[in-house]
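Thanks for coming. I will walk through one structure today, starting with the overall layout and then going into details.

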Amino acid sequence: MTNDTRTELQVIVLAKRLVKHCNCLVDNPNRFPKKYRFSLVNTIKDDARGILRNLYRANYLHTADPHQMQQRLDYQLEAICLCDLLLQDIEEAFDERCINENSCEYWARAVLDVKRMALSWRNSDLKKLSSL
């Protein structure tokens, strides 16, 4: 935990929950047997953490500096792209019967919530950039 008293962006809060959810699912050997450990499981964990990592990076950049604002937009875009990759990972997990339809839908909805918020944040920042 951090002693920082700033309120976290809701998209970061959701991304943290997503990482926890991903870890909880893929660390269950009944759902993801050993044969998926070094392929699908690691990919899911990497993509989920990558989403969170890029959102954090974007949040630490200053919007008043055009160069930093462009970097921020790039990190936001990377997080959005990783959401699409994670959705693909979830589809693969469903196809491999690691998760059932209900788990697939719940998990995909969680990813789409993060993606929608990241897109909204990025669109807002694009408007700010055009006014700099």
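This is a predicted model: local features need pLDDT of at least 70, side-chain atom pairs count only at pLDDT 80 or more; totals for chains, interfaces and linings use all residues.

First, the ground rules. Residues are numbered from 1 along each chain as its sequence is written, and side-chain values use heavy atoms, with hydrogens and water left out.

Now the fold. The protein has 4 helices and 0 strands, where helices (H or I, at least four residues) and strands (E, at least two) are DSSP runs numbered from the N terminus. Along the sequence the pattern reads α-α-α-α. Taken along the principal axes, the C-alpha atoms fill a box of roughly 50 × 30 × 25 Å. Of the 132 residues, 38% count as buried; buried means under 20% relative accessible area, exposed means over 50%, and partly exposed is in between, with a 1.4 Å probe and protein chains only. Contact here means heavy atoms within 4.5 Å. Among contacts with a separation of 6 or more, 72% come from residues 24 or more positions apart.

Helix α2 has 23 residues and spans 32 Å from its first C-alpha to its last, close to the 33 Å expected at 1.5 Å a residue. The expected span is 1.5 Å times one less than the number of residues. Helix α4 has 30 residues and reaches 43 Å between its first and last C-alpha, close to the expected 44 Å.

Which residues of α2 are buried? They are L40, V41, I44, D47, A48, G50, I51, L52, N54, L55 and A58. These buried residues pack against α1, α3 and α4. An α-helix has 3.6 residues a turn, so residues three or four places apart point the same way. In α4, the buried set is S103, C104, W107, A108, V111, V114, K115, A118, W121, R122 and D125. That set packs against α1, α2 and α3.

Next, the core. A nonpolar core is a set of buried Ala, Val, Leu, Ile, Met, Phe, Trp, Tyr and Cys residues joined through side-chain atoms within 4.5 Å. The largest one has 36 residues, and F32, I51, L55, L86, W107 and V114 touch the most other members. The elements giving two or more residues to this core are α1 (10–26), α2 (37–59), α3 (66–95) and α4 (101–130). Helix α1 gives the most, with 9 residues. Taking L86 as an example, and leaving out residues up to four places away in sequence, L86 touches L18, C22, I44, D47, A48, I51 and V111.

On to cysteines. How many disulfides are there? The count is 0, where a disulfide is a pair of cysteine sulfur atoms within 2.5 Å. The sulfur of C22 is too far for a bond because the closest cysteine sulfur, in C24, is 10 Å away. C22 is buried, at a relative accessible area of 0%. For C81, the closest cysteine sulfur is in C83, at 9.0 Å, again too far for a bond. C81 is partly exposed, with a relative accessible area of 37%.

Then a pocket. The second largest pocket has a volume of about 150 Å³. On a 1 Å grid over the protein atoms alone, a pocket is an open set of points where a 1.4 Å probe fits, with protein on both sides within 12 Å along at least five of seven lines, and lining residues have an atom within 4 Å of a point. Grid points are joined across faces, edges and corners, and the volume is the space filled by probe spheres set on the points. The lining consists of L14, R17, L18, H21, Y106, R109, A110, D113 and V114. Helix α4 gives the most to this lining, with 5 residues.

R72 sits in helix α3 and is buried, with a relative accessible area of 7%. Beyond residues up to four places away in sequence, R72 touches A58, N59, L61, T63, W121 and D125. T63 lies in the loop between α2 and α3 and counts as partly exposed because its relative accessibility is 29%. T63 and D125 are 62 residues apart in sequence, yet their C-alpha atoms are 7.9 Å apart in space. R97, in the loop between α3 and α4, has a positive phi of about 65° although it is not a glycine. R97 counts as exposed, at 74% relative accessibility.
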